[in-house]
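Have a go at each task before you read its solution.

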Amino acid sequence: MYTTMYGLFAFLIFPQKQSGLFLEYIHSSQKNATDAYGITGFEGLTSFYGFMYHSQKRLLPLIIDKTIQTKGPIVVAITGASGSVYALTLIRWLAGNGYQVDAIASETGKKVFEYETGTKFTVRAITNGKGLLTIHDNNNLFSSLSSGSSKQGKFSKVVIVPCSMGTLGRIAAASGSKLIERVADVALKERRRLVIVPRETPLHSLHLKNMLELSSAGAVILPAMPGFYQKPGSVNDIINFMVSKILDALDIPNEMYTRWGN
Ligand SMILES: Cc1cc2nc3c(=O)[nH]c(=O)nc-3n(C[C@H](O)[C@H](O)[C@H](O)COP(=O)(O)O)c2cc1C
């Protein structure tokens with residue numbers, strides 16, 4: 001409700017039609033980035049320095065600046081499986097290449113992300129101030145991403161990376177109660193691209209069955225299984241290979257590693 005009010009206010013001040021925005025929250029007054037409300041679909045702004053209402057009804061300073069041509073939006077969901085560096089690299093690549101990114105992390109996903117990458121799960125820490133990233137609260141089922149009918153939050157592509165066996169099972173059973181699971185469900189029912197990057201080893205038959213169910217429902221199952229034929233010289237090469245595979249599955253042109261035959 002508060003972000004809607006704010007959007008209307010901002011639109012009235014800057015009625016110029018533009019295709020995208022650079023958004024940056026100032027985090028000094030923000031304890032927890034996953035509390036941040038998503039602000040998407042703010043077409044019509046050039047630059048704005050002001051305030052936004054926080055979910056806990058605190059006023060936050062906000063900068064909207066540097067209008068840029070954006071593509072997307074693309075939803076990147078992060079769950080509590082190992083391999084969150086793939087998500088970090090993917091978001092940085094997308095945001096750095098002009099894509100609007102909507103990120104959501106599960107509670108454990110956020111903890112594992114911060115533990116494994118040493119990067120705080122905040123807009124500023126993830127993007128280093130470059131690109132358009134919005135972090136959504138996984139508990140906020142009132143999010144604009146929640147409904148297939150929402151124009152404001154309309155996304156065409158979703159990637160869950162890394163995807164835990166828990167989230168995988170809940171999506172396969174169509175019985176999720178968090179935003180990540182709802183967004184995946186919307187992607188499937190609306191026939192949008194859903195890329196799932198599961199990570200666990202070894203796998204038992206229920207894991208495999210859930211993957212088969214999701215593949216049959218239209219999801220792309222893209223396991224975190226890096227190849228070695230490109231002869232990686234570093235861990236970064238291995239990460240880039242996986243991220244490139246994810247971008248390929250999202251139909252996003254990229255050259256993050258030397259492809260076979262090049
Ligand atoms: C450091 C760490 C690594 C984990 N790695 C995996 C993993 O690779 N795959 C997995 O399915 N679960 C893994 N888990 C367990 C999940 O985090 C746990 O099942 C959690 O409930 C998943 O919740 P979520 O799907 O809501 O994120 C890991 C947990 C921790 C703390």
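The exercises below walk through this predicted model.

**Exercise 1.** Find out how strand E4 is placed and which strands pair with E4.

Solution. Start with burial: E4 covers residues 71-78, and seven of its eight residues are buried. Next, look at E5 (residues 99-105), which pairs with E4 in the parallel sense over six bridges. Now trace the chain from E4 through H2 to E5, and you get a right-handed β-α-β crossover. Then turn to E7: four bridges join E4 to E7, and these two strands run parallel as well. Here Val75 stands opposite Val158 in E7.

**Exercise 2.** Work out which residues of the largest nonpolar core touch the most other members.

Solution. The core has 59 residues, and the ones to pick out are Val76, Ile91, Val161, Val183, Val197 and Ile246. Which element gives the largest share of this core? That's helix H2 (residues 84-96), with nine residues.

**Exercise 3.** Describe the shell of residues around the ligand.

Solution. Begin with the 14 residues of the shell, of which Thr79, Gly80, Ala81, Ser106 and Ser164 come nearest. Then ask which elements give two or more residues: these are helix H3 (107-117) and helix H5 (165-172). Finally, sort the shell by class, and you end up with three nonpolar, nine polar and two charged residues.

**Exercise 4.** Say which residues of H5 are buried and what covers them.

Solution. The buried ones are Thr167, Leu168, Arg170, Ile171 and Ala172. Their cover includes strand E7 (157-163), helix H6 (179-189), strand E8 (193-198) and helix H7 (205-216). Follow the chain just past H5 and you'll reach Ala174, which takes a positive phi of about 50°.

**Exercise 5.** Decide why Asn254 counts as partly exposed.

Solution. First locate Asn254, in the segment after helix H8 (235-249). Now count: Asn254 has 16 C-beta neighbours inside 10 Å, so Asn254 counts as partly exposed. Beyond its neighbours within four places in sequence, Asn254 is in contact with Ser244 and Leu247. Asn254 and Ser244 sit ten residues apart in sequence, with 6.7 Å between their C-alpha atoms.

Technical notes
Residues numbered from 1 in each chain as written. Predicted model: local features only at pLDDT ≥ 70, side-chain atom pairs only at ≥ 80, totals over all residues. Core = buried A, V, L, I, M, F, W, Y, C linked by C-beta atoms within 7 Å. Buried ≥ 20, exposed ≤ 12 C-beta atoms within 10 Å, placed from the backbone. Near = placed C-beta within 6 Å. Nonpolar A, V, L, I, M, F, W, Y, C, P; charged D, E, K, R; others polar. Contact = placed C-beta atoms within 7 Å. Pairing = 2+ DSSP bridges. Right-handed = clockwise from strand over helix to strand, strands pointing away.
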